[in-house]
Amino acid sequence: MPAPVTDAITLITPAASMSSAVHGGRAKCLQRLVRLDMPVPLTVALSFDAVRAIARGQMPDVGALLAPFGPAPLLSVRPSSLDPDWGGPGAILNIGMTDARHAAMCAEVGERAATSLYMRFIQSWAVHVARLDPDAFDLPAHPSREGLRAMLAAYEAETDERFPQSVAHQLTEVLRSRARAWEGTSARLLRQARGAPADAGLGRVVQAMALGVGAGESGSGVIQFVDSQTGQPRIIGRYLSQSQGREALADGRAIYLTRTERGPSLEDLCPAAFARLLGYGAAIRTRLREEMQIEFTLESGELRILDGVRVQRSALAAVNIAVALARDGVIGRDAAVMRVAPTVISELMHRQVDPAAPRDRIVTGIAASPGAATGRIVLTAEGAQAAAARGEAAILIRRETTPEDIRGMHAAAGVVTVRGGTTSHAAVIGRGMGLPCVVGAADLEIDRRRGTVTGPGGRVLSEGDIVTVDGSSGDVLAGEPAMLEAALDGACGQILDWADEFRDIGVRANADTPRDALTARNFGAEGIGLCRTEHMFFEGERIGLMREMIFAEGAEDRKAVLARLLPLQREDFAEIFRIMQGRPVCIRLFDPPLHEFLPSDKAGMRDLAEGLALPLSDVEARVEQLQEYNPMLGLRGVRLGVTVPEIYDMQARAIFEAALIARDAGDPVVPEVMIPLVSAMREVELVRSRIDRIAAQVRAESGCDFTHRLGVMVETPRAALRAAEIAQHASFLSFGTNDLTQMTYGLSRDDSGRFMSAYVGQHVYEEDPFLSLDTEGVGELLRIGAERGRRGRPGIVISICGEHGGTQRAIEFCRGEGFDYVSCSPFRVPAARLTAAQAAIRARAGGDPRVAVDDHNLYEV
């Protein structure tokens, strides 16, 4: 027989040695309530280790556990986890009810109340401890001796043994069953889905029952002092006479707490108890520095506080509560910043499907860009544009998107793709535009000829059908569920302003168009860290000019076409400079392979041939000539700048002339020009010499002087390794972690989704490296590149501008390595500002694990 566990039992007193990390949040909170002299029933805590030991068959000394409660106690057992959101096996009440105790209580509180307590315990025991069929133990509407005898007989018939009559045996088996339930496979999977580690601990609190039934005014209730949806001050809750636990929240007979014309209230029934509850609520808010929900009972008019838990809250309420506590001086600004998770800010920036709305799920893919949108199905970019022209919202569903779909994506309310992962074209563009997007919905089949989409189970949808994209969950829903509107209000702005006081790393935005730039500025970006100029070439007539340039016979013909593109690029840049009002703007020169601008189907090639007045065979031959086996490693980036230098010449001139235009409007501009996909110092030398020559020409032609900075986008492992020599010709190094991750791993980010879940599931990779920065492998290259870059050019500006730039892991890594700024999609900027501040606050606290973003355990601080 296993030996009993020692040092497992802690009587909760003001001086007891306890912590949330050992005993769980509920146990620690009860200790704080005891310290506030609140009428908390006698309580004993079992630690995480004690509960783990119980699951293994090693019980604590049950006699010692029962000793503080005296003879023949009635007890409850409740869970106490580190984070209440992790759940856990629920409470068991009325442990200790036996035939003898029932007979005694009939005389004390009346037969009806005593019988009700006994029957409730028999039901809980049968279902949760003995694991019997619940239908055989339904509670009758009116408890009676006959019903009690029938329930005891049903238990004996099912188990071939009498209902347990020993308090010690009852408590032992309750603790054992609850501990094993927490360690079970289903419980592990459930808490992992809620963000808990698989090995998360669970404590238990054993508490003397405050009955809530009997003579005099007796009952139970729940009260909180803020609205869970808005966070605004408001007394909310219910009270139910002759009840236990949280029955008041589910029973239609429950009465209100505050005096109201709608019906009776606790304030009318027991004004003294109600006044004490208000006082306790104020004390908890001030001393525990949190908005709490209080579970209480009345026993013959005597108030007991059973529990205090953090008020459940919406994203909006979380922000409003944190700001209100800080403004009232209850917590500091840094604590307020720490209490708002970055995901809360992201959620408030977008419309969301109402959590209470029914969800008719068609398919679930990968949640690629947050927010929700409803519209009619379209299967082409042209269809989305046509719908927008009619004033109709459209959901663009494609196998995958390409740069040619940009205009359709701009016109659509949301996007769904069958293929792709979190760094696919649709995902990246969707996040940059704030467009709800679901990718990798592999169970969808698109038939463009019939205009249909077929989902799992053969469900067929047609163009024009209404669907909803939930980019926060990955769901594609039929119809138009209720929505919650975006709610970035004054409290959010206040939290972000406070965050800016604490963060010590810059936050810029990736912005490709004037509209993106305006969004970035409105969201508090300190500048633009990546402006991808190629996206400008897909707008309107520009793609036609690009194709004409591609088919030009020689350098002079290319220059002639590019001269027609020059004023369009110049105006784009000038508008971005004007919008950013003197903030830094880093413009990446042309990067993609040229074949991306050419049609891939016969119909598109025929249209192109007609537009260029060329034979179809010539167009087909040129398209074939530009095809590459691996275009992402082919003729793109700086390689185009070296071999087709006219493109970079045009772009440099457009940038410098735009800077002068913006300066004339009153905004001083120092443009930053970035060369993509560098792997050798000589590439930088060649491009720099041409750009410097263009700058000199513009100065001479305009008679105006200006300054510019030239930098390198570090996307290849070789560039990181040779950063010392590359930095000698650059003012800044910006790590493009999307391509750098691809090249480090030898993975295609567009194809890795086919097997990535298996790799993560089998722990080959800790996480998808395209979703979460690999701080070990890719991070080592970042560290090497930054260190060698600084060695080659002391004071050089170091940053990151890949999709990782807005994630907590990347921000904490970059801050730790002394990077100057991170750059991310405009809609990620507010969350990135908050994340950066939280990283700085944690560092200031010396990495104290109690200083957590999702801080449910502020009782510790």
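**Note on the predicted model: salt bridges and surroundings**

1. Arg-636 forms a salt bridge with Asp-739, with 2.8 Å between the closest N and O atoms; a salt bridge here is a side-chain nitrogen of Lys or Arg within 4 Å of a carboxyl oxygen of Asp or Glu. Arg-636 sits in the loop between α23 (616-626) and α24 (638-643) and Asp-739 in helix α29 (residues 737-745), so the pair ties together parts 103 residues apart in sequence. Both residues are buried, that is, under 20% relative accessible area, where exposed means over 50% and partly exposed in between (1.4 Å probe, protein chains only). Salt bridges with shared partners join Arg-636 and Asp-739 to Glu-534, Arg-588 and Asp-591 in one network.

2. This is a predicted model, in which local features need pLDDT of at least 70 and side-chain atom pairs count only at pLDDT 80 or more, while totals for chains, interfaces and linings use all residues. Residues are numbered from 1 along each chain as its sequence is written, and side-chain values use heavy atoms, with hydrogens and water left out.

3. The structure holds 59 salt bridges. In one of them, the side chains of Arg-564 and Glu-548 meet at 2.9 Å, N to O. This pair links distant parts of the chain, 16 residues apart: Arg-564 is in helix α21 (residues 555-580) and Glu-548 in helix α20 (residues 542-550). Helices (H or I, at least four residues) and strands (E, at least two) are DSSP runs, numbered from the N terminus. Arg-564 is partly exposed at 42% relative accessible area, and Glu-548 is partly exposed at 28%.

4. Lys-559 and Glu-556 also form a salt bridge, at 3.6 Å, N to O. About one helical turn separates Lys-559 and Glu-556, because they are three residues apart in helix α21. Lys-559 counts as partly exposed at 40% relative accessibility; Glu-556 is exposed at 56%.

5. Glu-646, in helix α25 (residues 645-664), counts as buried because its relative accessibility is 9%. Leaving aside residues up to four places away in sequence, Glu-646 touches Ala-555, Arg-558, Lys-559 and Leu-562; contact means heavy atoms within 4.5 Å.

6. For the protein as a whole, there are 33 helices and 30 strands. Buried residues make up 56% of its 861 residues. Among contacts with a separation of 6 or more, 68% are between residues 24 or more positions apart. The C-alpha atoms fill a box of roughly 105 × 60 × 60 Å along the principal axes.
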